[in-house]
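Have the model open in your viewer and your selection tool ready.

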Amino acid sequence: MVLSGLAILLVLYIIWDVNYFVRFVFTVVLGKLFGKKTKITDETSIYGLCTSQDVDIFIRHMNNARYLRELDFARFHYYALTGLYERIKQQGGGAVQGASSIRYRRSIPILNPYKVTTKLVWWDEKAIYLEQKFITFDKFVRATAMSKQCITNVNVLDVMKQFPGGEKPPTMPEELKLWLDSIEVSSQKLRKDK
């Protein structure tokens, strides 16, 4: 009986990224239970440690793909603390990553702690835009990312008005405007390729 249970767990670990799902639940539940309720316009932070599971082939620093994974957890945490995703779901909507751009400035060495900050910087009727940063304890920003979270089946402007500070979007940051322009150029090119 125990052997078959261990075999099932082994198969799950081979075909699914079980750690990802466990960490997702851990991040959201702890955020909801112990996190301080946060305004949608406030910055949130989660903490991490670059472990042997995060490193690249040279076993010296964080693998580029792990940065994106950590950004997922930071977004889950942001949604849990602000209640934004819960409100979107209550109205029959959902959220999906529409685009992201990350700029690596300096690597995060193995066994080095860091925090990931998440801040809502702008929104329109279809999406919210988050700026996220990896910051080590020497206060250096190791990487910075922008992400477009497409919100489905609801008008984002209507949802945001239900939160203090969400009555109208802030001024769009210049960096975001340029990034969105580049996304539009790419989209037009792909439409022409059809």
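Helices (H or I, at least four residues) and strands (E, at least two) are DSSP runs, numbered from the N terminus. Before you click, note that this is a predicted model, in which local features need pLDDT of at least 70 and side-chain atom pairs count only at pLDDT 80 or more, while totals for chains, interfaces and linings use all residues. Residues are numbered from 1 along each chain as its sequence is written, and side-chain values use heavy atoms, with hydrogens and water left out.

**The whole protein**

Start with a cartoon of everything. The C-alpha trace spans about 55 × 45 × 35 Å along its principal axes. Now colour by accessibility: of the 194 residues, 38% are buried (under 20% relative accessible area, with exposed over 50% and partly exposed in between, for a 1.4 Å probe and protein chains only). If you draw contacts (heavy atoms within 4.5 Å), 72% of those with a separation of 6 or more join residues 24 or more positions apart.

**Helix H1**

Select residues 2-15, which form helix H1. Its 14 residues reach 20 Å from first C-alpha to last, close to the 20 Å expected at 1.5 Å a residue (the expected span is 1.5 Å times one less than the number of residues). The number of buried residues in H1 is zero, so this helix lies largely in the open.

**The largest pocket**

A pocket here is an open set of points on a 1 Å grid over the protein atoms alone, where a 1.4 Å probe fits, with protein on both sides within 12 Å along at least five of seven lines; lining residues have an atom within 4 Å of a point. Helix H2 (18-34), helix H3 (64-82), helix H4 (84-90) and strand S2 (94-104) each give two or more residues to this lining, and H3 gives the most, with five. The volume is about 290 Å³. By class, the lining has eight nonpolar, three polar and four charged residues (Ala, Val, Leu, Ile, Met, Phe, Trp, Tyr, Cys and Pro count as nonpolar, Asp, Glu, Lys and Arg as charged, the others, Gly among them, as polar).

**The second largest pocket**

The second largest pocket has a volume of about 220 Å³. Select Asn19, Gln53, Asp54, Arg66 and Arg69, the closest to its centre among 13 lining residues. H2, strand S1 (44-49) and H3 each supply two or more of the lining residues. This lining divides into three nonpolar, four polar and six charged residues.

**Asp54**

Stay on Asp54, in the loop between S1 and H3. Is Asp54 buried or exposed? At 8% relative accessibility, Asp54 is buried. Beyond its neighbours within four places in sequence, Asp54 is in contact with Leu49, His61, Met62, Asn63 and Arg66.

**Arg142**

Finally, move to Arg142 in strand S5 (residues 141-152). Arg142 is buried too, with a relative accessible area of 7%. Tyr104 is 38 residues away in sequence and 6.4 Å away in space, C-alpha to C-alpha. Leaving aside neighbours within four places in sequence, the contacts of Arg142 include Arg103, Tyr104, Arg105, Phe134 and Thr136.

Key
Grid points are joined across faces, edges and corners, and a volume is the space filled by probe spheres set on the points.
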